[in-house]
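Hello,

I am passing on the structure we spoke about, and below it you will find notes on a few places that I looked at. Please read them with the model open beside you.

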Amino acid sequence: MNTEELRKERIQLFKDAIRMEKKPKRIPYFGNLWSWKIIDAGYKLSEALFDYEIMQKVLRHVFENYKIDVLYETGWRNPVQVTSILGNEEYIINDDANSINIKDQCFMEAEEYDELIKNPKKFLWEKVVPRKNKLLREENNSGHFRKFLQKYGEFGEFMGKSSKIMQEEYGLPEFADPMAAFDHWGNGYELLFNILRGIKGLSIDIRRDPEKVSAAIEALDETFVKPRFERGKKLPKGSNKEYCVDMNPVMLGHTILSPKQFEKFYWPHLKRISDFAESHDKLVYIFAEGESSRFYEFFQEFPKGHFAIHTEQDDIFELKKRVPNIAVAGGMKSTLLGKGTPQECVDYAKKLIDELGSDGGYIFSENKMISYERDCKAENLKAVSEFVSQYYL
């Protein structure tokens, strides 16, 4: 089998798992490997993140040592070369501890909601962008912006080369369609949570002035989500054959919400995705960070054969029972990968596949984002990936 045939086979594995219409040939492996892979390849975080040639060596190290079907993070997660050129200091890189963290960001004040609601684009360009990038606050900042455009171009070139290496040399597909109707987490609520108000600020806002928050979400969605949605509706019906899934929304801001708050602030966005996926026959993979069990009642409304949810902290066996209409992803415990033996890890991988995937509806993956050195032992990942790649149902 050549690399193109292998790429197509891997795409089909994911589609079959989510469709849940037939028993899959084998369970696909979604590689949830993040900054850990840099350490595993023998580099410091700062070395790889500030040198695209090293980062490509890191990617090759993954492709050559672990038999995964998709590598989710291919260097896009922490674009420090691009952000740092404008004075953005959100990333905290610690080579001694082999860790990278992102500060909780708040670039909008509570009293500025009306300004945001009136004109989101104007507010973001005039207020948020300079606050986020301190060098743009300088009077003569055109030089910084030119450097930013150069760095952004270099980053795009790196991503293009990496994609070509991944697909043409190793037969790994791109995961999600970049032209999809909905972006990763570009909805109004997640923008408020991740960038504008931050965890603390938004937690207060949804209690003090929920209607103002709702109006801001609506304004942001009208500005950024609706145009993409309208473009997506013009695409042919059916899942794109060149990608494993059509849409890949990421849920993070739900972690601070109660079910009642979720219904008000978050569910309308997911319902739009759900209705579109069903009417246009698209496949959706939700990457749900944190714990989500209190929202299972909402997930039960997703149309069968269109959705997969990657659970991070939930009991995946319980999720499978309570929400049988969706495929489940994840389950391989990082605690076991980091502390167990190869045989213990393989035994648990077999349990996951046997109990969750015997009739389809399961995508194998690590439960958490493998980020820190102790999250995983290389020998454990090798043993598990070898097993999953050869365990035919």
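A crossing of two helices is called right-handed if the near helix is turned clockwise from the far one by less than a right angle, and left-handed if anticlockwise. In this model, which is predicted, α17 passes α18 in a right-handed crossing. The contact is made by Pro342, Cys345, Val346, Ala349, Lys350 and Ile353 on the α17 side, and by Glu379, Asn380, Ala383, Val384, Phe387 and Val388 on the α18 side. The axes of α17 (residues 342-356) and α18 (residues 378-390) come within 9 Å and cross at roughly 35°.

Next, please look at Asn325, which sits in the loop between α15 (316-322) and β8 (327-332). Asn325 counts as buried because its relative accessibility is 11%, and buried means under 20%. Its side chain reaches the backbone oxygen of Phe302 at 2.7 Å, while the backbone oxygen of Gln300 lies 3.4 Å from a polar atom of that side chain.

Finally, a search of the whole structure finds 35 aromatic pairs. One of them joins Trp36 and Tyr66, whose ring centres are 6.1 Å apart and whose planes are at 50°, so the pair is tilted. This pair links distant parts of the chain, as Trp36 in helix α2 and Tyr66 in the loop between α4 and β2 are 30 residues apart. Both Trp36 and Tyr66 are buried.

Best wishes

Terms used
Residues numbered from 1 in each chain as written. Predicted model: local features only at pLDDT ≥ 70, side-chain atom pairs only at ≥ 80, totals over all residues. Heavy atoms only, no water. Axes fitted to C-alpha atoms, helices over the stretch in contact; angles between N-to-C directions. Helix = DSSP H or I, 4+ residues; strand = E, 2+ residues; numbered from the N terminus. Contact = heavy atoms within 4.5 Å. Buried < 20%, exposed > 50% of the residue type's maximum accessible area, 1.4 Å probe, protein only. Polar contact = N/O pair within 3.5 Å; in protein donor to acceptor, adjacent residues only side chain to side chain. Phe/Tyr/Trp six-rings, centres within 6.5 Å; stacked < 30°, edge-to-face > 60°.
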